Protein chains: 2
Amino acid sequence: MGNSKLYKGSLNTIILKLLDEEGKMYGYEITQKVKELSKGELNITEGALYPALHKLEAEGLLDVEVAKVDNRLRKYYKLTKQGEKETVNRLAELEDFIRSMQQLVNPDWSIQ
Amino acid sequence: MGNSKLYKGSLNTIILKLLDEEGKMYGYEITQKVKELSKGELNITEGALYPALHKLEAEGLLDVEVAKVDNRLRKYYKLTKQGEKETVNRLAELEDFIRSMQQLVNPDWSIQ
DNA sequence: CTAATATACATAAATTTCTTATGCATAAGA
DNA sequence: TCTTATGCATAAGAAATTTATGTATATTAG
């Protein structure tokens, strides 16, 4: 455990980025995907994820579609047109942020 | 402005890292240094910085030394022994975080 | 000479975001 | 049958940050 925390503000952008890549995903799937991609480093808690999804939907960035698989509910989310645009902006911001953090934390690193 | 925000949890580590590099710094100097190193991308607000410095001091990670320069007050902070140890840990954590974020946001990047 | 900007500290209120703790429900595996 | 996994949700609390102030001195521009 030790770490495994996200950092304020990064969750929404991660969600948008994943949806942009995968087309559509449901909540639980997002938590597993993030865990997998980060090799267990990042764990999105449900208490953070679901409110975030609801907020992105309320902002008009996501659309929902309910499905029943194996008698269990799934809510598939996908980007709206507006969501696609916002994803570009927020991703650029996050990339800038990451680059800045690197510059501060380890100027020896360089991104290829 | 648009961006210019830090991200939760990264501020303390940035402060520790800078003090580790520079030996000693005062608050205002830290805000300017971060702005410079990040090319204006990251702006530490005073409302975030000063409470953070006080907290790190209370935790025993920083020592303070007051100085008067040009008839103006400066509070120079430097790492304690314990602060030096903690810096190593927190920096490693932040580096892991940055790597994980990169993996998520842009797997094409690689760190050399 | 005076107003704005820069330097330098500080704190309080409000906001945002996240963790922790719950709750409900079905499926699969030990 | 008990635990773990899947799948959603919300409420309470904690933590970090922004925004808004406040005080004070020094410098620069008009």
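A base nitrogen of DNA strand D sits 3.0 Å from an N or O atom in the side chain of E46(A). This is a polar contact, meaning a pair of N or O atoms within 3.5 Å; within protein, one must be able to donate a hydrogen and the other to accept it, and residues adjacent in sequence count only if both atoms are side-chain atoms. The model is predicted: local features need pLDDT of at least 70, side-chain atom pairs count only at pLDDT 80 or more, and totals for chains, interfaces and linings use all residues. Residues are numbered from 1 along each chain as its sequence is written, chains are lettered from A and ligands numbered from 1 in the order in which they are written, and side-chain values use heavy atoms, without hydrogens and water.

| Residue | Part of DNA strand D | Distance |
|---|---|---|
| E46(A) | base nitrogen | 3.0 Å |
| K75(A) | phosphate oxygen | 2.6 Å |
| R72(B) | sugar or linking oxygen | 2.6 Å |

**Around the DNA strand**

A residue is near the strand if one of its heavy atoms lies within 4 Å of it. There are 24 residues around DNA strand D, and Y26(A), Y28(A), K75(A), T45(B) and R72(B) come nearest.

Helices (H or I, at least four residues) and strands (E, at least two) are DSSP runs, numbered from the N terminus. α3(A) gives the most to this surface, with five residues. At least two residues each come from α2 (27–37), α3 (46–58) and β3 (72–79) of chain A, and from α3 of chain B.

**Chain A**

Chain A has four helices and three strands. From the N terminus on, they run α-β-α-α-β-β-α. Of its 112 residues, 41% count as buried, that is, under 20% relative accessible area (1.4 Å probe, protein chains only).

**The sheet of chain B**

Chain B has an open sheet of three strands, ordered β1-β3-β2 with antiparallel pairing. Strands pair if DSSP finds at least two bridges between them. The edge strands are β1 (24–26) and β2 (62–69), and each pairs on one side only. β2(B) and β3 (residues 72–79) of chain B pair over eight bridges.

Definitions and conventions. Buried < 20%, exposed > 50% of the residue type's maximum accessible area, 1.4 Å probe, protein only.
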